[in-house]
Amino acid sequence: MSDSSPAARFPAGALFDLDGTLLDSAPDMLATVNRMRASRDRPALALTDIRPVVSRGAQAMASVAFPELDAEGVTALVPEFLAVYAEELGRHSVLFDGVEPMLAALEAAGTPWGIVTNKPEYLAAQILPQLGWQDRCAVLIGGDTLAERKPHPLPLLRAAESIGIAPADCVYVGDDARDITAARSAGMPSVVALWGYRLDDDDPVAWQGDVMLDAAQALVDPAGWPQR
């Protein structure tokens with residue numbers, strides 16, 4: 001008997017978180033916090049100290065770097081963090097294994113792809129030419145591009161609108177609960193990127209993404225993507 005099930009297909013559009021999903025930027029973040037600590041005569045942290053919170057932004061990383069500070073003190077460090085990080089941007093980071101062949105497979109299939117990140121847009125935009133993505137990435141939305149950021153669905157909805165594809169026909173890939181919450185609220189299927197950054201007590205199963213994958217390489221095959 002022949003198999004009448006439909007062949008697996010790539011999504012019509014693919015959207016990605018940046019840090020912890022496409023880009024292993026933790027080494028850049030580590031260099032940033034260690035410069036800040038060195039300027040205050042503090043010893044350097046290890047990558048394992050900072051890596052779990054990279055997806056949670058500058059405030060979370062500053063909190064790890066200076067745990068004695070209260071919330072107000074940590075917030076006051078964010079401008080310094082961003083200024084130092086702008087100097088370290090892309091100097092130490094690398095793509096996660098499988099990301100480049102995954103993007104090439106999407107492009108070969110005619111699937112436009114873009115980035116929706118909570119990183120400030122001006123910083124994310126500087127990364128694209130470093131990676132040769134400035135003419136490949138169909139849309140870039142940062143955490144300050146719109147009035148809302150993830151976990152609000154607006155950035156994902158705007159990105160889908162920009163590439164001219166209905167949200168239900170796109171897939172969002174991210175490594176944080178906020179990513180999956182935003183996708184669900186946007187009516188967009190999602191992939192949980194287990195290769196990214198998570199705290200030990202995070203439970204990605206509870207995020208209820210459509211697909212959970214251990215490596216970006218799985219998305220080189222259309223069967224790795226959520227199927228409608």
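These legends describe close-up views of a predicted model.

Local features need pLDDT of at least 70 and side-chain atom pairs pLDDT 80 or more, while totals for chains, interfaces and linings use all residues. Residues are numbered from 1 along each chain as its sequence is written, and side-chain values use heavy atoms, without hydrogens and water.

**View 1. Six strands form an open, parallel sheet.** The order is β5-β4-β1-β6-β7-β8. Strands are DSSP E runs of at least two residues, helices H or I runs of at least four, both numbered from the N terminus. Strands pair if DSSP finds at least two bridges between them. The edge strands, β5 (140-141) and β8 (211-213), each pair on one side only.

**View 2. Three bridges join β1 (residues 13-16) to β4 (residues 113-116).** Leu 15 stands opposite Gly 114 in β4.

**View 3. Phe 16 and Trp 113 form an edge-to-face aromatic pair.** Their centres are 6.5 Å apart, with 75° between the planes. Rings of Phe, Tyr and Trp (its six-membered ring) pair if their centres lie within 6.5 Å; planes under 30 degrees apart count as stacked, over 60 as edge-to-face, the rest as tilted. Phe 16 lies in β1 and Trp 113 in β4, so the pair ties together parts 97 residues apart in sequence.

**View 4. Phe 96 and Tyr 197 form a tilted pair.** The ring centres lie 6.1 Å apart, the planes at 55°. Phe 96 is buried, and so is Tyr 197.

Definitions and conventions: Buried means under 20% relative accessible area, exposed over 50%, partly exposed in between (1.4 Å probe, protein chains only).
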